[in-house]
Amino acid sequence: MKKQEYLLQVPTLFGLEGVAADELKYGGFSNVQAQNGYVTFEGDLEDVARANMMLRTGERVLIVLARFEAKTFDDLFEGTKDVPWENLIGSKDRFPVKGWSLNSQLHSVPDCQKIIKKAVVSHLKECYGLSWFEETGSLMQIQFSIMKDQVTLMLDTTGPGLYKRGYKRNETAAPLRETLSAGIADLSRVHSDSLVVDPMCGSGTLLIESAMKALNIAPGLKRRFSFENWKIMPPDMASSVREDLKSRIKKDVTFEGFGFDIDASALQIAAENAKRAGVDHVLHFKEQDIKYLKSDSFSMENHKKAVFLCNPPYGERLMDIQSARELYRTLGVVMKPLKDHAYSLISPDEAFEAYFGRKASRRRKLYNGMLKCQLYMYY
Ligand SMILES: C[S@@+](CC[C@H](N)C(=O)[O-])C[C@H]1O[C@@H](n2cnc3c(N)ncnc32)[C@H](O)[C@@H]1O
């Protein structure tokens with residue numbers, strides 16, 4: 001029997017659409033297309049499980065159920081009522097609704113939420129012959145977006161965002177999101193034979209994501225997803241995908257990572273995170289001020305390239321702008337232009353290159369939360 005195929009949508013951080021699309025293409029998924037702020041592809045329920053577990057740079061995996069135009073609440077109600085919700089939502093399942101609206105006539109999100117809920121209830125009442133839904137079963141989170149009057153109705157398969165890998169317990173100040181860190185590692189061409197250095201590593205996110213990529217450790221192996229509680233999921237599907245991904249972890253790699261910071265408590269947390277992520281055997285952490293970094297002191301015997309990744313303080317949350325710029329100056333001095341070295345630094349400061357002292361080989365616009373940043377790449 002042919003398996004049911006779905007259109008799937010993966011929201012990404014702005015600037016990472018192409019990276020997420022490449023991940024999906026290399027992962028063997030079909031019809032991958034990058035859009036502004038998200039990527040779409042096609043697949044069945046096994047693909048839903050696999051994408052959730054292996055995507056490093058996507059934020060979640062959504063099943064697209066309908067796209068239609070709605071300028072009135074009647075349009076929204078009728079378009080929603082037409083969807084065959086019973087194919088996915090069981091009579092006891094919970095189906096809350098959330099979403100957003102931008103540049104559209106239907107701009108009140110709470111009102112849209114209410115109308116969509118009413119239309120789904122109305123449809124399911126007819127299907128199940130029920131007058132009331134107890135909603136005590138699995139979570140089937142309905143998500144909608146309305147952009148220029150175009151409605152998209154989706155079902156969230158992920159639950160807590162994909163950046164929640166499960167290896168972080170204690171937060172440090174200003175940590176970088178896991179999905180953004182993975183994107184930076186990808187854009188900086190971290191491979192299984194790279195040597196990666198983060199001279200201001202904080203809780204170690206850039207190094208841990210680099211190591212997981214190099215060792216081909218799927219980021220979702222140690223967490224659970226919403227779809228795992230769905231009645232329509234074949235019972236052994238999630239565990240067989242998990243086992244398959246585990247068997248793909250690379251053991252014989254020369255990858256090594258070195259993390260430095262002046263904050264000993266952050267380094268302690270970084271080491272704990274690395275252990276939980278299963279990459280502590282390839283990472284080394286040491287307390288050291290950036291001014292003592294010697295970029296040419298690392299042995300390159302087993303490595304083709306040394307990749308330095310750095311998310312320095314911006315002078316917004318952690319220190320004032322002048323001190324941050326002093327650090328950029330120091331970074332420019334210690335990060336020497338060497339043939340087999342590449343440097344990637346993320347900062348929102350438009351004057352970064354002036355303080356660092358060199359023009360980047362390439363810049364890439366990325367968002368760290370709401371903050372517009374550039375990834376300054378030197379190679
Ligand atoms: C924005 S945080 C890095 C966050 C990290 N990417 C993460 O995901 O947790 C900047 C880090 O720079 C460190 N730092 C500040 N001044 C430093 C210096 N002079 N030498 C080394 N590290 C420094 C801070 O202790 C902090 O952990």
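This is a predicted model: local features need pLDDT of at least 70, side-chain atom pairs count only at pLDDT 80 or more; totals for chains, interfaces and linings use all residues.
Although Asn 103 is not a glycine, its phi is positive, at about 45 degrees.

A second residue of this kind is Glu 135, which is not a glycine and yet has a positive phi of about 50 degrees. Glu 135 belongs to the loop between H4 and S6, and with 13 C-beta neighbours inside 10 Å it counts as partly exposed.

## The seven-stranded sheet

Seven strands make up an open sheet with mixed pairing, and their order is S2-S3-S1-S4-S7-S6-S5. The edges are held by strand S2 (30–34) and strand S5 (97–102), each of which has a single partner strand, so one side of each is left without a neighbour in the sheet. On average, and with direction ignored, neighbouring strands of this sheet are turned by 25 degrees against each other. In a regular strand the side chains alternate between the two faces of the sheet.

## Helices H1 and H2

In helix H2 (residues 45–54), nine of the 10 residues are buried, so this helix is largely enclosed by the rest of the structure. The buried residues of H2 are Leu 45, Asp 47, Val 48, Ala 49, Arg 50, Ala 51, Asn 52, Met 53 and Met 54, and they pack against strand S1 (6–11), helix H1 (17–26), strand S3 (38–43) and helix H7 (237–247).

In H1, the buried residues are Glu 17, Val 19, Ala 20, Ala 21, Glu 23 and Leu 24. Their packing partners are S1, S2, S3, H2 and helix H5 (178–187). After H1 comes Gly 28, whose phi is positive, near 90 degrees.

## The contact of H3 with H4

Helix H3 (residues 73–81) packs against helix H4 (residues 109–128) at an angle of about 40 degrees, and the two axes are 8 Å apart. The crossing of H3 and H4 is right-handed. On the H3 side the contact is made by Phe 73, Leu 76, Phe 77, Thr 80 and Lys 81, while H4 contributes Cys 112, Ile 115, Ile 116, Lys 118, Ala 119, Val 120, Ser 122 and His 123. Divided by class, the contact of H3 with H4 has eight nonpolar, three polar and two charged residues.

## Around the ligand

The ligand has 19 residues around it, of which Pro 175, Met 200, Gly 202, Ser 203 and Thr 205 come nearest. By class, the shell around the ligand is made up of 11 nonpolar, five polar and three charged residues.

Gln 374 lies in strand S14 (residues 371–378). With 20 C-beta neighbours inside 10 Å, Gln 374 counts as buried, because the class of buried residues takes in those with 20 or more other C-beta atoms within 10 Å. When its neighbours within four places in sequence are left aside, Gln 374 is in contact with Ser 347, Arg 363, Arg 364 and Lys 365. Gln 374 and Ala 21 are 353 residues apart in sequence, and their C-alpha atoms are 20 Å apart in space.

Lys 359 is placed in the loop between helix H10 (352–356) and strand S13 (362–368). Lys 359 is exposed, with 10 other C-beta atoms within 10 Å. From C-alpha to C-alpha, Lys 359 and Ile 249 are 38 Å apart in space, and in sequence they are 110 residues apart.

Methods
Residues are numbered from 1 along each chain as its sequence is written. Axes are lines fitted to C-alpha atoms, for helices over the stretch in contact, and angles run from 0 to 180 degrees between N-to-C directions. Helices (H or I, at least four residues) and strands (E, at least two) are DSSP runs, numbered from the N terminus. A crossing is left-handed if the near helix is turned anticlockwise from the far one by less than a right angle, and right-handed if clockwise. Two residues are in contact if their C-beta atoms, placed from the backbone, lie within 7 Å. Ala, Val, Leu, Ile, Met, Phe, Trp, Tyr, Cys and Pro count as nonpolar, Asp, Glu, Lys and Arg as charged, and the others, Gly among them, as polar. A residue is buried if 20 or more other C-beta atoms lie within 10 Å of its own, exposed if 12 or fewer, and partly exposed in between; C-beta atoms are placed from the backbone. A residue is near a molecule or strand if its C-beta atom, placed from the backbone, lies within 6 Å of it. Two strands pair if DSSP finds at least two bridges between them.
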